[in-house]
Amino acid sequence: MNNTRSQAEIVGRRAELLAELFLQDLGATFVSRPTDDSGIDFIVAFPNGQGGTNLSAVEVKATEHPVGEFYALDKKWYRRLAHSNVPSLLLVVDAKHNRLYHAWPSEAEPKLNSDIRSVRVRIAPIDEEVKEQIRERLAGTDKHSPVGGSR
Amino acid sequence: MKKRALKDVIGKRGENIVELCLTEYATFPAPLFDLTHLGDKWPVVDYYVELTTVPGKRPFFFLQAKATAATNPKKSLAISTSRDDVAALLEIPAPTYILGIHEPSKRVFIRSVHEGVGIKAITRIPVGYELTANNLKILHDEVVRFWRRRRHKPTYSVFL
């Protein structure tokens, strides 16, 4: 048994909580945590405006520092997100400053980092405007999705 | 959504908001507190909270949390505790506090239940007791002072 939680554990926990509240604030029907170590932190559901529900996978990565334009993500994790049968949202959470960044891993693999094992994912900070864009994409009502989110 | 289900959602969000608030460390080198939720079946208190900053010791306190979705507080946050809640918190030989969580704004307010506090329901927490970074530090120092004046361990036991 551990005597205390390490700061890294607390930071990871804070990142998950910030992400969960963010997804709830977007209006998710549910935000569910898979019970095993599936490599996905949350499965979220959003009403798609046609009476149906759109599901997405969300992976959360924690940091304690402001993030630049790119985030180095393990290639294995990237592929897991990019090659899922549901849209995948990557949330990078600066748990010290309560800031969130995001990316939509897609099948077009981004540039490999020099260490070969990770990829450089372009991420964007989340503000109110971006928040609405993310909500629309999760609900399948944005320009990236077929009408009603039938993908 | 049925009333019970809505209350559960506020409660779970409230739990998350409490944990984020108490581990907030934007203005500190590291979180001042670590905490665990004791679960719905544990009576009176909802959280056991440890201070993470005192070398070789782990001072602690207990929290009872009340979440609300009421209108944004201006002078104080309205909460619903009972006389029995306060009486039960006064029976615990350690620092105890009631938290009020305003769920829509994610603001958290605190009020102490200590010796001398009347055994009656606490229904409001002044907005001045919001758990800002400054008040987190004050809370931390208050708990440190409490435990510093007390013996850390018993000095005798039959079961030695």
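Set aside the neighbours within four places in sequence, and D41(A) is in contact with E16(A), S32(A), R33(A), P34(A), V58(A), E59(A) and V60(A). The model behind these contacts is predicted. D41(A) sits in the loop between β1 (30-32) and β2 (42-47) of chain A.

Which side chain of opposite charge is nearest to D41(A)? It is K61(A), 6.2 Å away. A salt bridge needs the nitrogen and the carboxyl oxygen within 4 Å. D41(A) is buried yet has no salt bridge. Its side chain does have a polar atom 2.7 Å from the backbone nitrogen of V60(A). V60(A) is also one of the residues in contact with D41(A).

## Where the chains meet

Now turn to the interface. The contact takes 18 residues from chain A and 18 residues from chain B. Together the two chains bury about 1700 Å² between them. Of that area, 47% is on carbon and sulfur atoms.

Three residues of chain A stand out: R14(A), L21(A) and K96(A). They supply 36% of the area that chain A buries against chain B, more than any other three residues.

## Charges and polar pairs across the interface

How many salt bridges does the rule find across the interface of chain A and chain B? It finds 4. One salt bridge joins K106(B) to D25(A), with the closest N and O atoms 2.6 Å apart.

By class, the side of chain A that touches chain B has 7 charged, 6 nonpolar and 5 polar residues.

Methods. Residues numbered from 1 in each chain as written. Chains lettered and ligands numbered in written order. Predicted model: local features only at pLDDT ≥ 70, side-chain atom pairs only at ≥ 80, totals over all residues. Heavy atoms only, no water. Contact = heavy atoms within 4.5 Å. Buried area = accessible area lost by both parts, 1.4 Å probe. Nonpolar A, V, L, I, M, F, W, Y, C, P; charged D, E, K, R; others polar. Helix = DSSP H or I, 4+ residues; strand = E, 2+ residues; numbered from the N terminus. Buried < 20%, exposed > 50% of the residue type's maximum accessible area, 1.4 Å probe, protein only. Lys, Arg positive; Asp, Glu negative; His and termini not counted. Polar contact = N/O pair within 3.5 Å; in protein donor to acceptor, adjacent residues only side chain to side chain.
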